[in-house]
Amino acid sequence: MAPEEKTESPEHAEHPEHSEGGRYTAKGKEFTRDTRYIQTRITADGSDGFPVEAGRYRLVAARACPWANRAIIVRRLLGLEDAISLGTPGPTHDARSWTFDLDPDGKDPVLGIERLQQAYFARDPEYPRGITVPALVDTTTGAVVTNDFAQMTLDLSSEWTEHHREGAPDLYPEGLREEIDAVNDRVFREVNNGVYRCGFAGSQEAYDTAYARLWESLDWLEDRLSGQRYLVGDAITEADVRLFTTLVRFDAVYHGHFKCNRNKLSEMPALWGYARDLFQTPGFGDTIDFAQIKEHYYVVHTDINPTQIVPQGPDLAGWMTAHGRDQLGGRPFGGGTAPGPVREGERVAAGHSPLP
């Protein structure tokens with residue numbers, strides 16, 4: 001059987017719902033995320049066989065996906081555009097793979113492939129897990145090196161320093177790493193993944209438990225951010241990047257689509273101000289494509305939105321209103337500087353964002 005025709009895998013045996021396009025819930029069960037990723041790393045010393053090398057690797061990251069959005073933000077903040085090229089699949093996918101339907105002829109212009117699945121099978125023709133973004137692909141072989149999104153952004157900060165732009169911020173400062181790791185752990189479990197546990201719950205009990213855990217942690221974050229501008233320290237760190245990609249999707253998607261509806265983000269003063277502060281910071285809001293975000297969730301998840309109707313709202317104008325967070329002190333980039341303008345060819349489409 002050709003790789004593209006495979007329909008069964010160990011991952012699908014554990015999560016049979018994932019073998020069906022649009023199905024993400026399992027009746028009577030809570031949602032569990034498969035977190036077994038390709039853990040190969042690209043490092044300065046090349047210890048895993050993949051040394052840092054400008055121009056060799058391509059970041060494949062759909063703007064719709066919060067996990068991929070992290071990598072897009074970090075790449076831009078650190079100024080790695082010349083070192084690592086960017087491929088952006090379209091906002092929707094089927095049970096097989098993300099596709100490059102936004103590119104001419106439906107092919108990634110560098111990798112020459114129609115489906116990201118092809119890069120995974122170039123790595124392992126029997127690759128058994130989900131075809132996920134972000135993925136770093138070796139352009140010399142066309143094979144995925146890693147899709148370990150959590151380690152990926154940390155390595156962009158610590159292993160690619162030779163290629164950072166002048167004035168790049170330190171997103172993972174040595175003296176704050178223990179606190180950043182602790183905050184990231186809770187944010188991942190209860191917020192980043194917590195919204196999915198609400199949305200893909202297969203029973204009332206699973207949903208109720210996930211909902212309570214989500215809002216307990218959002219209330220904790222609201223309290224934490226009431227007295228400080230950023231999550232850890234007085235400048236933007238990896239922790240802020242990871243929380244932001246969930247917050248920016250909250251009112252547009254998670255509040256209604258995933259039933260995380262105790263209240264809107266815009267009704268939580270500290271979190272709403274914090275999210276707007278980051279959105280208006282170069283490197284954050286200029287990576288956000290609200291049209292793609294909404295199309296992804298409302299079209300792909302047919303088990304919880306069978307009509308595939310994409311809502312018109314919410315009004316995005318609020319993202320550009322004054323936030324007043326600068327009164328709490330801190331400097332967005334620490335001792336560094338803001339990134340320059342978004343590169344030609346990487347700008348969010350006109351009308352897909354409240355940014356001019």
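Colleague: Is Y254 buried or exposed in this predicted model, and what is its relative accessible area?

Modeller: The model is a predicted one. A residue counts as buried under 20% relative accessible area. Y254 therefore falls in the buried class, its relative accessible area being 0%.

Colleague: Which aromatic pair does Y254 form with Y297, and at what angle between the planes?

Modeller: The ring centres of Y254 and Y297 are 5.5 Å apart. Planes over 60 degrees apart count as edge-to-face. Y297 is also buried, with a relative accessible area of 0%. The pair of Y254 and Y297 is edge-to-face, with an angle between the planes of 90°.

Colleague: How many residues apart in sequence are the parts that this pair ties together?

Modeller: Y254 belongs to helix 8 (residues 238–254), whereas Y297 belongs to helix 10 (residues 290–300). Because the two tyrosines lie in these separate helices, their pair ties together parts whose distance in sequence is 43 residues.

Colleague: What separates Y211 and W215 along helix 7?

Modeller: Both residues lie in helix 7, which covers residues 204–225. Because they are 4 residues apart there, the separation is about one helical turn.

Colleague: Which class of accessibility does Y211 fall into, and which W215?

Modeller: Y211 has 22% relative accessibility and so counts as partly exposed. W215, at 3% relative accessibility, counts as buried.

Colleague: Over which ring does the charged end of R186 sit, and how far from its centre?

Modeller: The ring in question belongs to W220. The charged end of R186 sits over this ring of W220, and the distance to its centre is 4.3 Å.

Notes: Residues numbered from 1 in each chain as written. Predicted model: local features only at pLDDT ≥ 70, side-chain atom pairs only at ≥ 80, totals over all residues. Heavy atoms only, no water. Buried < 20%, exposed > 50% of the residue type's maximum accessible area, 1.4 Å probe, protein only. Phe/Tyr/Trp six-rings, centres within 6.5 Å; stacked < 30°, edge-to-face > 60°. Lys NZ or Arg CZ within 6 Å of the ring centre and 35° of its normal.
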